[in-house]
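Work through the following exercises with the model open beside you, and try each task before you read its solution.

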Amino acid sequence: MSRQRALRLLLLALAGLATILLVRTARFTSKQVAVEPALPLALDRQALAERLAAALRIETVSHQEQSQISGEAFLAFHRYLGEQYPLVHRRLRREVVNGYSLLYTWEGSEPGRKPIILLSHLDVVPVEPGTEAQWSYPPFAGRIAEGFIWGRGALDDKFGVLGILEAVEALLGSGFQPRTTVYLAFGHDEELGGERGAQEIVNLLQSRAVAAEYVLDEGGALLRGLLPGLAMPVGAIGIAEKGSVSIELSARTEGGHSSAPPPRTAVGLVSSAVHEVERHPLPAELRGATRQLIEHIGPELPLLYRVVCANLWLFGGVLERLLANTPATNATLRTTTAATIIAGGVKENVLPASARAVINFRILPGDSVAGVLEHVRRAVGNPQVSVQALSAGREASAESPTDTAAFGVLRRTIREVYPEALVAPYLTLGATDARRYVALTQNIYRFTPIVGEPSDLARIHGTNERIALEHYEGAVQFFARLIQNSG
C-alpha cells in the first residue's frame with residue numbers, strides 16, 4: 001500500500017470516528033425535567049434558626065462506650081420536640097421505640113395508598129477531645145452567628161429531624177391533609193450502626209405489614225463543583241451506599257534487645273504489608289450509580305466534556321483517571337483503602353514481639369467483603385503476616401431504581417425548590433439508617449437538602465459544623481413540598 005493511500009485511509013477513519021462521536025454527542029440530550037418553581041411556604045427564618053440552635057444544645061451524643069451515653073439527654077430532646085411542635089404532637093400518632101427512638105404516623109386520607117417514610121436521626125457524634133478550641137463557637141452552644149447556625153448536629157442530622165417536623169407543623173397549620181400516610185422515623189443510634197434504633201423501627205413496621213412507596217434518608221446533597229466544567233449545583237440522590245469492612249494485618253516475631261535485631265521486625269513486617277496494600281488499590285470502574293451520575297450530568301457540560309461523557313466506550317478510561325485524582329470522586333469509582341491504625345512496641349530499645357495494623361475498606365456495589373479479603377491477602381503476599389477481617393463487615397447495598405414514580409417525585413421536588421440545580425443519581429459513600437429499610441421497599445433514596453461545596457462535607461463529624469440560615473429554610477421548604485408532591 002502506498003504511503004498516500006495509507007494516509008487517505010487514516011483520514012477517512014478519523015473522519016468516521018469524528019462523525020460517530022458527534023452523532024452520539026448530539027443524541028446525548030438532557031435528562032432534566034422542566035418544572036415551575038414551587039410557591040414557598042411563609043416561614044420565619046429566624047424562628048426556624050432559633051429552634052434548631054436550641055436543639056443543638058441538647059447533647060444527644062452516641063459514644064462508642066455505651067455507659068457514656070446519656071439516656072436523659074435523649075428524653076430531654078423528646079420533650080423539647082413536644083414543646084416546639086404542638087400540632088405535630090396533637091395530630092400525629094407518636095411512639096417511642098426501644099426507649100429512645102421516635103416514630104410518628106400521619107394518617108393519609110386514602111388508606112389503600114402505599115405510605116412514604118422520611119428518616120433522620122436524633123444522635124450526633126462526639127467532639128474529638130482536644131479540638132474544642134478549634135471551633136469558632138463551642139460545639140454544643142447552638143450559636144446563631146455570621147449567617148449560620150453552629151454546633152454538632154447542625155448538618156448531621158438534627159437539622160433533618162427539625163426540618164421535617166417544621167415542614168409537617170407548617171403543613172398542618174395550613175390545613176393540608178395528605179392522601180398518603182406519612183411516617184417520620186427518627187432513630188437514636190445511627191452513629192453506632194442503627195441496630196437499636198432504625199432496626200427496631202423497621203421490625204415494628206414489618207409486624208404491621210407496612211410496604212412503603214419509598215424511603216428517604218440523608219445521603220447526597222446539593223453539591224457545587226462536583227465535576228470539572230459544571231457551574232450548577234447537583235441535587236445528588238443516593239440510590240445506593242457503600243459497604244464496609246476493617247481488616248487487621250498482624251505479625252509476631254521473637255522479642256529481645258534492639259542491639260541485635262532480625263532482618264525484619266514485627267513492625268517492619270506490618271509496615272511493609274500496609275505499604276503493599278496501599279500500592280495495590282482495588283480497581284476503579286465507572287459503573288452503577290456513578291455511571292448514571294455521568295449520564296445525567298454529562299448533557300449539561302461544556303462541549304468538550306459532553307463529547308467525553310457521551311462516548312464512554314472510547315473515553316471512559318480517561319474520565320476514570322480524571323475522577324480518580326480527587327479523593328471524593330475517586331471514592332465513587334472503587335472500593336477505597338484507608339489504613340487507620342498501626343501499633344507495635346513499647347520502648348525504643350526493645351524488639352516488639354507483635355505488631356498490628358487495621359485497614360478500613362469502603363466497598364463499592366458489585367464488590368464484596370470476601371473479595372476484598374482475598375485481594376488483601378494477595379497484595380500482602382507474605383505468610384509471616386496474618387490477614388483477617390475484624391468482623392463480618394457490611395456488604396454494599398443494592399441500587400434502587402431510577403425509573404420509578406418515587407424517584408420522579410424526588411427529582412421534581414428538587415427542581416421545584418432549587419430551580420438552578422441539576423438532579424442525578426449518586427453513590428452515597430457513608431453508611432445510613434436507610435439500608436435497614438430494604439425489607440419495606442426497593443425504593444430507598446438518600447438526599448440531604450443542603451447546598452455546599454464538596455469541601456463543606458468535611459464539617460460533618462468534623463470541626464465547625466454549621467448550616468446557613470437560608471439553606472436550612474430551603475430544607476424545610478423541600479420537605480414540605482416533597483410531602484405535598486407525594487400525596
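**Aromatic rings and their neighbours**

Tyr 137, Phe 148 and Trp 150 form one aromatic cluster. The model is a predicted one, in which local features need pLDDT of at least 70 and side-chain atom pairs count only at pLDDT 80 or more, while totals for chains, interfaces and linings use all residues. Residues are numbered from 1 along each chain as its sequence is written, and side-chain values use heavy atoms, with hydrogens and water left out.

**Exercise 1.** Classify the pair formed by the rings of Trp 106 and Phe 176.

*Solution.* Begin with the rule: rings of Phe, Tyr and Trp (its six-membered ring) pair if their centres lie within 6.5 Å, and planes under 30 degrees apart count as stacked, over 60 as edge-to-face and the rest as tilted. By this rule there are 9 aromatic pairs. For Trp 106 and Phe 176, the ring centres are 6.1 Å apart and the planes stand at 75 degrees, so the pair is edge-to-face. Both residues of this pair, Trp 106 and Phe 176, are buried (under 20% relative accessible area, with exposed over 50% and partly exposed in between, using a 1.4 Å probe and protein chains only).

**Exercise 2.** Find which charged end sits over the ring of Phe 148.

*Solution.* A charge sits over a ring if NZ of Lys or CZ of Arg is within 6 Å of the ring centre and within 35 degrees of the ring normal. The ring of Phe 148 has the charged end of Arg 466 over it, 3.8 Å from its centre. Likewise, the charged end of Lys 158 sits over the ring of Phe 77, at 4.7 Å from the centre of that ring.
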